[in-house]
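This report describes the fold elements, ring pairs and nonpolar cores of a single protein chain. The sequence and the structure are shown first.

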Amino acid sequence: MPRPRPAVHPALALAGWCPLSPAGAQTTQLLVEPPWTPPVLWDRVTLTCQGSGTAGATTWYKDGQRWRLQGPDRFIVIESGTYQCDRPGTGRSPPVSVSNAWLVLQVPARALLEGDTVTLRCRNRKDTSVTRVQFYQDEKDLGWTLKGAELSLSPLQLHHSGRYRCEGLGGFGLSQSVPVTVTVHVAAGVAGSLLFLVLLVGVIVGCHWWHRLAARKHQER
C-alpha cells in the first residue's frame, strides 16, 4: 500500500517548478560555541566546520592565510583573528572573527525571526565590571540601560534591524564596541502566506485576462 504524501503548502507547490529556485544547495558552515556574534577569546570558543566529505579533510584559514592543512573539523580558539574552513565539495565557509577587544556587543549567533525573544549584551574583556552602559542603533542614542549591560529587543520586530554598538566605563575608562548588525527576518509561516497570496492574485489576474481575451475573440467572430 503506497504511503500517503505529506501535505505541501500551496505556495511551495506552485513555486516548486520555478527553475530559479535553488534546491538542495549545500555550503560549508562554521559553527560557534558559545553561540554569540562576535565570539570572544575569553569564552573558550569552539569552532566546528560542517560540510561534505570527511572531517579529516578540513582545511583551516586564519586572517586570510592557510593555517592548518587536513586538520580536524573542530578546535578551541586560543588566538583572536578571523577564521574560515574549507571542505571538499562545498568550498570555503563565511568568515568568523573572534574578538579580544576591551568592550564587545554580542548578538545571538542564529537567524533572528520576528517575534523572537532576543537580548544584546555589552561585555568588558574577561567579564570585568562595566558601568554606565549606553546603546546605539544606527548611531541613535537608545538611552541608559535599565538591566545592567543588556538590551532587550523582545518581542523582535522588523524595525529592530540595524547597526548596534555600546559604550561603557570599565577599568580603562570609557570604551566603545565595534558595531554589530542585527537583521530581523519574517517568520517562515508569514513569508509562506504572503507568497501564497501573491501567487493567488497572479493566478486570478491571469484567469481574468484570459476570459476577457476569449470573450473578445468570440465577439469578433
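## A hairpin and its surroundings

In this predicted model, β4 and β5 form a hairpin with two residues between them. D63, in the turn, has a positive phi of about 55°. The two strands run antiparallel and are joined by four bridges; T58 has G71 of β5 as its bridge partner.

β4 also pairs with β7, again in the antiparallel sense and over four bridges. Here the bridge partner of W60 is C85 in β7. The strand β4 is mostly covered, five of its five residues being buried. T58, W60 and K62 point one way from β4, whereas T59 and Y61 point the other way.

## Aromatic pairs

Four aromatic pairs are found in a search of the whole structure. One of them joins W60 and F75 edge-to-face, with 4.8 Å from centre to centre and 90° between the planes. This pair links distant parts of the chain: W60 belongs to β4 (residues 58-62) and F75 to β6, 15 residues apart. Both W60 and F75 are buried.

W67 and Y83 form a pair whose ring centres are 5.5 Å apart; the planes stand at 70°, above the 60 degrees required, so the pair counts as edge-to-face. Because W67 lies in β5 (residues 65-71) and Y83 in β7 (residues 81-87), the pair ties together parts that are 16 residues apart in sequence. Are the two residues of this pair buried or exposed? W67 has a relative accessible area of 35%, between the limits of 20% and 50%, and is therefore partly exposed. Y83, with a relative accessible area of 1%, falls under the 20% limit and is therefore buried. Ring pairs link W60, W67, F75 and Y83 into a cluster.

## An open sheet of three strands

β1, β3 and β6 form an open sheet in the order β1-β3-β6, with antiparallel pairing. β1 (29-33) and β6 (74-76) stand at the edges with a single partner strand each, so one side of each has no neighbour in the sheet. Neighbouring strands of this sheet are turned by 20° against each other on average, direction ignored.

Three bridges connect β3 (residues 46-50) with β6 in the antiparallel sense. Among the residues concerned, L47 has F75 of β6 as its bridge partner; F75 is also the ring partner of W60.

In soluble globular proteins, nonpolar side chains tend to be buried together. The largest nonpolar core in this model has 19 residues, of which L105, L120, C122 and Y164 touch the most other members. Two or more residues each come from β10 (103-108), β12 (119-124), β13 (131-137), β16 (162-170) and β18 (180-182). β10 gives the largest share, three residues.

L105 touches residues including L120, C122, F135, Y164, C166 and V180, leaving aside residues up to four places away in sequence. Another core lies apart from the largest one; it has 12 residues, among them L30, L47, Y83 and C85.

## The chain as a whole

The protein chain contains two helices and 19 strands. Of its 221 residues, 31% count as buried. Among contacts between residues at least 6 apart in sequence, 56% join residues at least 24 apart. The chain exposes about 14,300 Å², and carbon and sulfur atoms supply 59% of this area.

Methods
Residues are numbered from 1 along each chain as its sequence is written. This is a predicted model: local features need pLDDT of at least 70, side-chain atom pairs count only at pLDDT 80 or more; totals for chains, interfaces and linings use all residues. Side-chain values use heavy atoms; hydrogens and water are left out. A nonpolar core is a set of buried Ala, Val, Leu, Ile, Met, Phe, Trp, Tyr and Cys residues joined through side-chain atoms within 4.5 Å. Buried means under 20% relative accessible area, exposed over 50%, partly exposed in between (1.4 Å probe, protein chains only). Contact means heavy atoms within 4.5 Å. Two strands pair if DSSP finds at least two bridges between them. Axes are lines fitted to C-alpha atoms, for helices over the stretch in contact, and angles run from 0 to 180 degrees between N-to-C directions. Accessible areas come from the Shrake-Rupley method with a 1.4 Å probe; for residues, only the protein chains shown count as cover. Rings of Phe, Tyr and Trp (its six-membered ring) pair if their centres lie within 6.5 Å; planes under 30 degrees apart count as stacked, over 60 as edge-to-face and the rest as tilted.
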